[in-house]
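Work through the exercises below with the coordinates open, and try each task before reading its solution.

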Amino acid sequence: MILKMSFITFMSKSAEQMFVEYLQKSNLSVTPQRKVIVETFLEAEGHFSAEELCSLVKGKAVDIGQATIYRTLKLLVDSGLADAFDPGDGVSLYEHSYNHAHHDHFICAHCGKTLEICDAVIEERQERVAEEHGFELTRHRMFLFGVCSDCRFDEK
């Protein structure tokens, strides 16, 4: 019961609280620049590049440098608040990971459009396949590449 209570407490913390605790444990400061970057990151939904986040941050505080934004993004990933992935074009995309449901991705090979998918049947099958091979899944990512409907219609 104690484990369950601590898990509930953990999940009820805000993302900002989690980030501050991560910084404190890492002996790093909570700077005004990091606050703006984290707030901006948490306001943005979906998948976005570091450059897109830079544009959003610069709209709020022009004095925050690109290097500071990149370093803070790395801290967000390291803290577990963000997830980064490369959809195949060499540019990492970021998304929220804390208090967000697991999902997989469809990625268009033509335009790079990324769609989140949640499918219980796929999730169950992944568990069964892992078990059949003697694996216990602890986490996973699945990217399915193809051509989105917009690009398919453009080709015709």
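The model is predicted, so local features need pLDDT of at least 70 and side-chain atom pairs count only at pLDDT 80 or more, while totals for chains, interfaces and linings use all residues. Residues are numbered from 1 along each chain as its sequence is written, and side-chain values use heavy atoms, with hydrogens and water left out.

**Exercise 1.** Determine the order of the three strands in the open sheet, and trace their bridges.

Solution. Begin with the terms: strands are DSSP runs of E with at least two residues, numbered from the N terminus, and two of them pair if DSSP finds at least two bridges between them. The order is then 1-3-2, with antiparallel pairing, and the edge strands, each pairing on one side only, are strand 1 (48-49) and strand 2 (82-85). Next, take strand 3 (residues 93-96), which pairs with strand 2 over four bridges; A82 has H96 as its bridge partner, and A84 stands opposite Y94. On the side of strand 1, two bridges join that strand to strand 3, and F48 has Y94 as its bridge partner. Finally, consider the side chains of strand 3: L93 and E95 point one way and Y94 and H96 the other way, yet all are buried, that is, under 20% relative accessible area with a 1.4 Å probe and protein chains only.

**Exercise 2.** Locate H105 and describe its surroundings.

Solution. First, H105 is found in strand 4 (residues 104-108). Second, H105 counts as buried because its relative accessibility is 4%. Third, its side chain makes a polar contact of 3.2 Å with that of H103, where such a contact is a pair of N or O atoms within 3.5 Å, one able to donate a hydrogen and the other to accept it.

**Exercise 3.** Characterise the lining of the largest pocket.

Solution. A pocket is an open set of points on a 1 Å grid where a 1.4 Å probe fits, with protein on both sides within 12 Å along at least five of seven lines, and lining residues have an atom within 4 Å of a point. The largest pocket holds about 340 Å³ of space. Of its 13 lining residues, the closest to its centre are D83, S97, H102, H140 and R141. By class, the lining divides into two nonpolar, seven polar and four charged residues.

How values were computed. Points joined across faces, edges and corners; volume = space filled by probe spheres on them. Nonpolar A, V, L, I, M, F, W, Y, C, P; charged D, E, K, R; others polar. Buried < 20%, exposed > 50% of the residue type's maximum accessible area, 1.4 Å probe, protein only. Contact = heavy atoms within 4.5 Å.
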